[in-house]
Amino acid sequence: MYSADRCLFVDSIRVSRQDGLFLSDKTVPSSFVSSISLKTQKCFVDKNENVCLVSCSWGGQTLGPVKSRRSGGKGGWVLSVSLSREEGYVGDSGEDWGQNGDNNLETVEEVKEKKGSGALNTTKHLWAGAVAAMVSRTFIAPLERLKLEYIVRGEKRSFIELIKWIAASEGLKGFWKGNFLNILRTAPFKAINFYAYDIYRSQLLKLSGNEEATNSERFLAGAAAGITATLLCLPMDTIRTVMVAPGGEALGGLIGAFCHMIQTEGFFSLYKGLVPSIISMAPSGAVFYGVYDILKSAYLHSPEGRKRIQDMKQGGQELNAFEQLELGPVRTLLYGAIAGACSEAATYPFEVVRRHLQMQVRATKLGALATCVKIVQQGGISALYAGLIPSLLQVLPSAAISYLVYEFMKIVLKVEPA
């Protein structure tokens, strides 16, 4: 290895994003530039976007690695060339790059691969949330049907009587009425919700510079995720509500209900109840994701949680997907159920108002506040909680299964952290 005084440093050389090097300083002799022949066999990019070109020649002599770095934020580059006859290279700060570069360097091919894998990881992340919604919604479809009967139809029968009536009039399949449409609505909603929460929380972490999200950051990320998913998925929810309502069977399914609403009330009728939806989903998402994350963090920082993580690391690849769950299957179900119950109880009145808004026609349309007042006048405060018990019975298993399947699918699909 040549000593430091044998190193050649060339300033003001710009690296084109196309092929070649170009001088930006006219004071450098052109004869010097023409004597350098760069034949790049491999190119590295480190974490600070520095570029390293290796295997260059100058006057027939092979040079060592060529390292360029950004110059003072002015958009230029500073090129550091070291004459070397050995395999290794000692950089400016004494770090040994070795034969193939150290761990701080990545090949251009690896950078491109990471960009491609980012899109793939996003797809897998969304699929994990979608599968969680499909499984949980199919499992609790009968309870969802009962809840809608109480909210939309104003059902007065007792819980048991309503079950008997549905079974007698529509058979067993009546409990899964509208489940396919419900999956079409909830699968993208949950996929976006889960993914958006992880993304927002990750971005808040980067902004704050903390190692772990604070409780306020968790609640904020959950609220933002709920609003994002609502804006994208509300039209499907509105169509489903219209189909389940009295007379909805005559509209001819999903496409028929969609066309009927567009023709009679216009496109924005698909966004009926948008304001109360956002008002309800913001705190709902905040509580749902925030509570689960707080419970999970508290466990993982406990002695029992630390021991479990240590055991998982020792188990390595021998563990199956369920054994790789950080909380374990039972605790994942439990924490998911608690988060779901807290979220539902806190925001249920908004859900009732939203459903009533979606059922209104243009001639008698009322605002969100007026609708809320009307509900209270007709049925009292308790009317805002109509169907809460079957709703909680639905939410508890739904939230529990959603989180279990979501965490399980992230492991199976090998989803990288956002």
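**Salt bridges and a helix pair, talked through**

Mentor: Let's start with R145 and E170, whose side chains meet in a salt bridge, 2.8 Å from N to O. Keep in mind that this is a predicted model.

Trainee: Why is the meeting of R145 and E170 called a salt bridge?

Mentor: The cut-off for nitrogen to carboxyl oxygen is within 4 Å. R145 and E170 come in at 2.8 Å, N to O, so the pair qualifies.

Trainee: And what makes that pair tie parts together?

Mentor: Look at where the two sit: R145 is in helix α3 and E170 in helix α4 (residues 159-170), so the bridge joins parts that are 25 residues apart in sequence.

Trainee: How do you know whether R145 is buried or exposed?

Mentor: Buried means under 20% relative accessible area. R145 has 3% relative accessibility, so R145 counts as buried. E170, at 26%, counts as partly exposed, because that class runs between 20% and 50%.

Trainee: How many salt bridges are there by this rule?

Mentor: The count is eleven. There's also a network of them linking D198, R201, E212, R218 and D293.

Trainee: What about D311 and K307: what separates them along helix α9?

Mentor: About one helical turn, because they are four residues apart in α9 (residues 303-315).

Trainee: Why is K307 called exposed?

Mentor: Exposed means over 50%, and K307 is at 54% relative accessibility, so it counts as exposed. D311, at 37%, counts as partly exposed.

Trainee: Which residues of α10 and α12 meet?

Mentor: Among them are L333, A337 and Y348 in α10, and L392, V395 and E407 in α12. The residues of this contact divide into 14 nonpolar, four polar and two charged.

Trainee: What else does E407 do with its side chain?

Mentor: E407 meets K410 in a salt bridge, 3.7 Å from N to O. The two are three residues apart in α12, so about one helical turn separates them. With 11% relative accessibility, E407 counts as buried.

Trainee: And where is V395 relative to L143?

Mentor: L143 and V395 are 252 residues apart in sequence, yet 8.9 Å apart in space, C-alpha to C-alpha. L143 lies in helix α3 (residues 141-152).

Definitions and conventions. Residues numbered from 1 in each chain as written. Predicted model: local features only at pLDDT ≥ 70, side-chain atom pairs only at ≥ 80, totals over all residues. Heavy atoms only, no water. Contact = heavy atoms within 4.5 Å. Nonpolar A, V, L, I, M, F, W, Y, C, P; charged D, E, K, R; others polar. Buried < 20%, exposed > 50% of the residue type's maximum accessible area, 1.4 Å probe, protein only.
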